[in-house]
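Please look through the sequence and the 3D structure shown here before reading the notes that follow. They begin with a single residue and then widen to the helices, the core, the strands and the chain as a whole.

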Amino acid sequence: MTLRATDLAVARGGLPVLTGVGFALEPGQALILRGPNGAGKTTLLRAVAGLQPVLAGRIEGAEDRVAYAAHADGLKAMLTVTENLAFWARVFGTKDIGAALDAFDLHGLADRLAGTLSAGQKRRLGLARLLVTGRPVWVLDEPTVSLDTGAVALFADAVRAHLRRGGSALIATHIDLGLEATVLDIAPFRANATTRAGASDEAFL
Ligand SMILES: Nc1ncnc2c1ncn2[C@@H]1O[C@H](COP(=O)(O)OP(=O)(O)OP(=O)(O)O)[C@@H](O)[C@H]1O
């Protein structure tokens, strides 16, 4: 099933950030969002993940199919790595956490409390969560922040395997992941910046 965005407008602080955005994400496809800081990548991804309403337009094929990973990792600090993955497996009704431990080289950290992990290790656990969701559409906001070179390679491998299984991925990133992917530059969709002067939105502060 294709995830499709049509004539989408999204806002922060009540004012439009992007307007007229359209794309289709096919099974097996990765789409990389590009755009300078503040262009609206996070805002667009949050809308696609259903975390905020859209101002206008349509998103089809997202409902109950998206796994979202972003800056806030949502880890449970007082649970171990294994317990965190088992928790999400229960939430999403899946069973296997072994593949997630393998993919992000987490076996050596399996019994560590998530709260005691380094930033990069936390990020690896947050990304491993994607695998236990069993969801076909990965929506990822700067997934490689804090990752070392080896972990970036593990991540790229995990995305490739996901695509081979018929999954898809929408990824905002400033780095080249070495993936075969379509690039969507969001710059042409930016709403007039002058209308945004003074906007703020406590919900995101
Ligand atoms: N709480 C807020 N209230 C008002 N405006 C906000 C708020 N949070 C973000 N913005 C503005 O919304 C715009 C889009 O932000 P967004 O985080 O989507 O950009 P981005 O492309 O993901 O940037 P980056 O590459 O820096 O992560 C920016 O101009 C930002 O300053």
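Leucine 45 counts as buried because it has 24 C-beta neighbours inside 10 Å; a residue is called buried if 20 or more other C-beta atoms lie within 10 Å of its own, exposed if 12 or fewer, and partly exposed in between, with the C-beta atoms placed from the backbone. This is a predicted model, in which local features need pLDDT of at least 70 and side-chain atom pairs count only at pLDDT 80 or more, while totals for chains, interfaces and linings use all residues. Residues are numbered from 1 along each chain as its sequence is written.

**Leucine 45 and helix α1**

- Leucine 45 lies in helix α1, which covers residues 41-48; helices (H or I, at least four residues) and strands (E, at least two) are DSSP runs, numbered from the N terminus.
- Not counting residues up to four places away in sequence, leucine 45 touches Val139, Asp141, Leu170 and Ala172, where two residues are in contact if their C-beta atoms, placed from the backbone, lie within 7 Å.
- Leucine 33 is 12 residues away from leucine 45 along the chain, and the C-alpha atoms of the two are separated by 9.3 Å.
- Helix α1 is largely enclosed by the rest of the structure, because 6 of its 8 residues are buried; these are Lys41, Thr43, Leu44, Leu45, Ala47 and Val48.
- Just after α1, glycine 50 takes a positive phi of about 80 degrees.

**The nonpolar core**

- The largest nonpolar core holds 54 residues, and those that touch the most other members are Leu44, Val48, Ala100, Ala128, Val139 and Leu170; such a core is a set of buried Ala, Val, Leu, Ile, Met, Phe, Trp, Tyr and Cys residues joined through C-beta atoms within 7 Å.
- Helix α4, residues 119-133, supplies the largest share of this core, with 6 residues.
- Valine 48, once its neighbours within four places in sequence are left aside, is in contact with Ala5, Ile59, Ala62, Val66, Val139 and Leu170.

**Helix α4**

- Helix α4 has 15 residues and reaches 22 Å from its first C-alpha to its last, close to the 21 Å expected at 1.5 Å a residue; the expected span of a helix is 1.5 Å times one less than its number of residues.
- Since 12 of its 15 residues are buried, α4 is largely enclosed by the rest of the structure, and among the elements that cover these buried residues are β5 (66-69), α2 (81-92), α3, β6 and α5.
- The buried residues of α4 include Arg123, Arg124 and Arg129 as well as Leu125, Leu127 and Leu130.

**Helix α5**

- The buried residues of α5 are Leu154, Phe155, Ala158, Val159 and His162.
- They cover an arc of only 135 degrees around the axis, which puts them on the same side of α5; the arc is that of the directions from the helix axis to the C-beta atoms.
- On the other side of α5, Thr149, Gly150 and Arg164 are exposed.
- The buried residues of α5 pack against β3 (30-34), α3 (98-103), α4, β6 (137-141) and β7 (168-172).

**Strand pairing**

- Strands β1 (residues 3-12) and β2 (residues 15-25) run antiparallel and are joined by 7 bridges, and two strands are said to pair if DSSP finds at least two bridges between them.
- These two strands, β1 and β2, form a hairpin with 2 residues between them, and glycine 13 in the turn has a positive phi of about 60 degrees.
- Strand β1 also pairs in the antiparallel sense with β4 (residues 56-60), over 4 bridges, and arginine 4 stands opposite glutamate 60 in β4.

**The chain as a whole**

- The protein chain has 5 helices and 8 strands.
- The radius of gyration of the protein chain is 17 Å, close to the 17 Å that the globule rule gives for 205 residues, so the chain is as compact as a globular protein of that length; this radius is taken over C-alpha atoms, and the globule rule is 2.2 Å times the number of residues to the power 0.38.
- Of the 205 residues of the protein chain, 35% count as buried.
- Among contacts between residues at least 6 apart in sequence, 74% join residues at least 24 apart.
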